[in-house]
Amino acid sequence: MRISGYRIVILSVLVYSIVLLSVHARPVVLVLSNDDLNSGGDDNGVGESSDFDDFGESEPKSEEELDPGSWRPIFEPDDSTVQAASPQYYSGLRKILSAASEGNFRLMEEAVDEIEAASSAGDPHSQSIMGFVYGLGMMREKSKSKSFLHHNFASEGGNMQSKMALAFTYLRQDMHDKAVLLYAELAETAVNSFLISKDSPVVEPTRIHSGTEENKAALRKSRGEEDEDFQILEYQAQKGNPAAMYRIGLFYYFGLRGLRRDHTKALHWFKKAVEKGEPKSMELLGEIYARGAGVERNYTKALEWLTLAAKEGHFSAFNGIGYLYVKGYGVDKKNYTKAKEYFEKAADSEDPSGHYNLGVLYLKGIGVKRDVRQATKYFFVAANAGQPKAFYQLAKMFHTGVGLKKNLEMATSFYKLVAERGPWSSLSRWALEAYLKGDVGKSLILYSRMAEMGYEVAQSNAAWILDKYGERSMCMGVSGFCTDKERHERAHSLWWRASEQGNEHAALLIGDAYYYGRGTDRDFVRAAEAYMHAKSQSNAQAMFNLGYMHEHGQGLPFDLHLAKRYYDQALVSDAAAKLPVTLALASLWLRRNYADTVLVKFVDSLPEVYPKIETWIENVVFDEGNATILTLFVCLITILYLRERQRRQAVVADPAAADVAQPLAPDVAHQHLAAFPR
């Protein structure tokens, strides 16, 4: 991850800095070594189990079957029979969402009471909501034990969202032996929701903030039918552009770009696209008929469409055809030889799913001699191309020790990666939709639910909403709207969980919370620990803050050499840090050459007075930009004056010193101002 930019207001005789950053995920590259391979894995018989058979006998299931108690009937109602199974649960859940939208805590009390009654009657989905309620501290006293107990009952009753919450709880406690079992089941469910011929588009949760500000660029691409780009695309499709027809069909089929998923509209646009000879739409029609998504399942039609797509050069369709031959669907009988041929054609065209499917054949010994090592290599190729099913198979290998040395921590991580793409991830889409409509309260509830389930982006989004919107976040506490203390504590907890999962901005904010005492007791030592965590992810602001703390002996030993090292590292990590680092190094120079003087004491007193000075500058003098230029100029003039005076004194004491240059390097000019951690 990296920092993308800074916004700094510097007070030279006045010091203040604000950093704006955006978090980006680094790509993961898996490397297989001989040490990773388990030479005995071929002989232990675990691979013979049907658990390793991705081509099982069961037919694809609907998302409602895969995610019992799904919130989909509320957001995308199309199956009344699902709600009829748990009427009290869905009634209470609908009231919770309405109360969050309206900011109606009386309705929220009524909703939680209704859910609690259903929970006491043994409804697992209501028990899951009560686990959420107790974990959040919403209309009930916060209780980790009660939250865990309710999620445990719900999990035993088949609620997948509670299984996600429990798995994440075990993961945070490094109980990998328990976490891995839950994540394995969840990942298997997620895999069963994937497409048969190709990898479905990665619908990553959208980060609604970039650092401390709203992520306008990402949100602009998620406005669905109101988005100008979508309207242009729709116009092109209506004018007969087959590529535009396919893209619109894709958006509706998966619910991309902020659109509500609509299989009927997707089918309409795919059919219009194939009339124009668009091959990718042919493949998706094959998927639709194989899965029975919005139409009656028909494997014969699925095979016809996939075959047409393959003939048109869309090679990933070979995977779907191979799948049908392995299963014996839409063909006379199972034919593993033909299946292998089709998978090889896909792999030869560098399709990652082709490599994955060949891996399954070799792992199971379907139509080929069983070869776990060969299977492992195929899975690594597919995983490095981003194929989620390959991560699932590698997780199984790490879990069981088949093909790879047993490693529960790695297995848990890989299972979690796949599990987070399960049907319950639709919560993220609905949360974003609510946020874009200005329904912050509903968005917060949805992101909070996902945060409990372990989604890092949801954790940071929920925390950001609490911090950014404050009372307008519609945060509900124990007995009404959240107090400032409840809101700060909830945001602090969310940022902390996100930081544990590698969010450097979250780690930075945790450090700030401890440094300034926001939502928690002020603690310089814990602030330094959080900054160190962010620094380990190459966060320039964290490096800068650690330098400042070493310079002032706050939570870290007073050490000007280490301070300079951290300032230098911040500049190397991010060129945008040049200005604050220059001023920071200038401060070090002052501290080294004028220690215990009135000047240094005056500079050290600035943190106590800078808020008043900042307000005076903004309201009386001029705008932020001019203040920055002026204060920087004053700072540099002061440093240059002191350096010149020092040089002249040296000349008087030793005339030979006049020939010795003692310049202040530009990169050394600049600190004390931006020295406040954020």
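This is a predicted model: local features need pLDDT of at least 70, side-chain atom pairs count only at pLDDT 80 or more; totals for chains, interfaces and linings use all residues.
On helix α11, the exposed residues E228, Y235 and Q238 sit on the face turned away from the buried side of the helix. Spanning residues 228-238, α11 has F230, L233 and A237 as its buried residues. Looking down the helix axis, these buried residues fall within an arc of 60 degrees, so they line one face of α11. What do the buried residues of α11 pack against? Their partners are α12 (242-254) and α13 (263-275). After α11 comes G240, with a positive phi near 100 degrees.

Zooming out, the chain contains 33 helices and four strands. Of its 678 residues, 54% are buried. Among contacts with a separation of 6 or more, 63% link residues 24 or more positions apart.

On to the interior. In soluble globular proteins, nonpolar side chains tend to be buried together. Here, the largest nonpolar core takes in 175 residues. The residues with the most contacts inside this core are W71, M108, M138, Y183, Y415, I465 and Y567. Two of these names turn up together in the contact list of Y183: setting aside neighbours within four places in sequence, Y183 is in contact with M164, A167, F168, L171, T412, Y415, K416 and A419.

N461, in helix α24 (residues 456-469), is buried, with a relative accessible area of 0%. Which residues does N461 contact, leaving aside its neighbours within four places in sequence? The list runs to T206, R207, I208, H209 and Y447.

Aromatic rings get their own look. The structure holds 22 aromatic pairs. Take Y356 and F379: their ring centres are 5.7 Å apart and their planes lie at 40 degrees, so the pair counts as tilted. Y356 belongs to helix α18 (residues 352-364) and F379 to helix α19 (residues 372-384), so the pair ties together parts that are 23 residues apart in sequence. Both Y356 and F379 are buried. Elsewhere, F315, F318, Y325 and Y342 make up one aromatic cluster. A ring also meets a charge at Y515, where the charged end of R522 sits over the ring, 5.6 Å from its centre.

M139 has a positive phi, near 65 degrees, despite being a residue other than glycine. This methionine lies in the loop between α6 (124-136) and α7 (144-156). Is M139 buried or exposed? With a relative accessibility of 6%, M139 counts as buried. E350, likewise a residue other than glycine, has a positive phi near 60 degrees. The loop between α17 (336-348) and α18 is where E350 is found. In contrast to the buried M139, E350 is exposed, at 69% relative accessible area.

Methods: Residues are numbered from 1 along each chain as its sequence is written. Side-chain values use heavy atoms; hydrogens and water are left out. Buried means under 20% relative accessible area, exposed over 50%, partly exposed in between (1.4 Å probe, protein chains only). Helices (H or I, at least four residues) and strands (E, at least two) are DSSP runs, numbered from the N terminus. The arc is that of the directions from the helix axis to the C-beta atoms. Contact means heavy atoms within 4.5 Å. Rings of Phe, Tyr and Trp (its six-membered ring) pair if their centres lie within 6.5 Å; planes under 30 degrees apart count as stacked, over 60 as edge-to-face and the rest as tilted. A charge sits over a ring if NZ of Lys or CZ of Arg is within 6 Å of the ring centre and within 35 degrees of the ring normal. A nonpolar core is a set of buried Ala, Val, Leu, Ile, Met, Phe, Trp, Tyr and Cys residues joined through side-chain atoms within 4.5 Å.
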